[in-house]
Amino acid sequence: MDADSIVLRKIKILHIVRDDKKFFDSVLKQFESDPRLENQCVLVVKKESEAFKSIPKTERITPIWSREQKIAYLTDGDYDVLFLHSFCPSNWCLLNYVPKNKIVIWWAWGMDIYCDNEKNTSMLVPIKLYLPETN
């Protein structure tokens, strides 16, 4: 087999985005600029009506809101790599549904490490962000 006859398969990435942030479009644009990648994106929202407040190109992203939808994407999805964008403690249990043969990359954006306001969960890094001078 010569080098010309080898066809490389694209790496399939499933992006799970927890929050509708304005800057996710620029992040996704970087992934889409690599022709070796095939990207699929889901936006986790609390209910269907909350989808897409800041992301302008919505056709590239599927909103999901139920636990069943989240589990289905993780267990049945056709992906090689799971990219978690800002993954908070209340969703950590979903990692139990990721097949062992998948690569998981957690891209921490800050609030998922230091924020403790989602369902009263504890912070991953227990630090006091605000000292008396900045509180």
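The legends below accompany close-up views of a predicted model.

Residues are numbered from 1 along each chain as its sequence is written, and side-chain values use heavy atoms, with hydrogens and water left out. Because this is a predicted model, local features need pLDDT of at least 70 and side-chain atom pairs count only at pLDDT 80 or more, while totals for chains, interfaces and linings use all residues.

**View A. The buried face of helix α1.** Helix α1 spans residues 24-32, and its buried residues are Phe24, Asp25, Val27, Leu28 and Phe31. Here, buried means under 20% relative accessible area, exposed over 50%, and partly exposed in between, with a 1.4 Å probe and protein chains only. Helices (H or I, at least four residues) and strands (E, at least two) are DSSP runs, numbered from the N terminus. Seen down the axis of α1, these buried residues fall within an arc of 160 degrees, so they line one face of the helix; the arc is that of the directions from the helix axis to the C-beta atoms.

View B. The whole structure holds three aromatic pairs. Rings of Phe, Tyr and Trp (its six-membered ring) pair if their centres lie within 6.5 Å; planes under 30 degrees apart count as stacked, over 60 as edge-to-face and the rest as tilted. For Phe31 and Phe83, the ring centres are 5.0 Å apart and the planes stand at 75 degrees, so the pair is edge-to-face. This pair links distant parts of the chain, with Phe31 in helix α1 and Phe83 in strand β4, 52 residues apart. Both Phe31 and Phe83 are buried, and together with Trp107 they form one aromatic cluster.

**View C. Helix α2 and its two sides.** Lys70, Ile71 and Leu74 are buried in α2. Viewed down the axis of α2, they fall within an arc of 95 degrees, so they line one face of the helix. That buried set packs against β1, β2, β3 and β4. Glu68 and Asp76 are exposed on the other side of α2. Asp76 counts as exposed because its relative accessibility is 63%. From Asp76 to Tyr97 the C-alpha to C-alpha distance is 9.5 Å, though the two are 21 residues apart in sequence.

**View D. Lys70 and its neighbours.** Lys70 lies in helix α2 and counts as buried because its relative accessibility is 15%. Leaving aside residues up to four places away in sequence, Lys70 touches Val44, Ile64, Trp65, Asn91 and Leu94, where contact means heavy atoms within 4.5 Å.

**View E. The cavity.** A search of the whole structure finds one cavity of 30 Å³ or more, and the largest cavity has a volume of about 90 Å³. On a 1 Å grid over the protein atoms alone, a cavity is a set of points where a 1.4 Å probe fits but cannot get out, and lining residues have an atom within 4 Å of a point. The lining of the largest cavity includes Ile16, Val44, Lys70, Leu74, Leu84 and Asn91. β1, α2 (67-76) and β4 are the elements that give two or more residues to this lining.

Notes:
On a 1 Å grid over the protein atoms alone, a cavity is a set of points where a 1.4 Å probe fits but cannot get out, and a pocket is an open set with protein on both sides within 12 Å along at least five of seven lines; lining residues have an atom within 4 Å of a point. Grid points are joined across faces, edges and corners, and a volume is the space filled by probe spheres set on the points.
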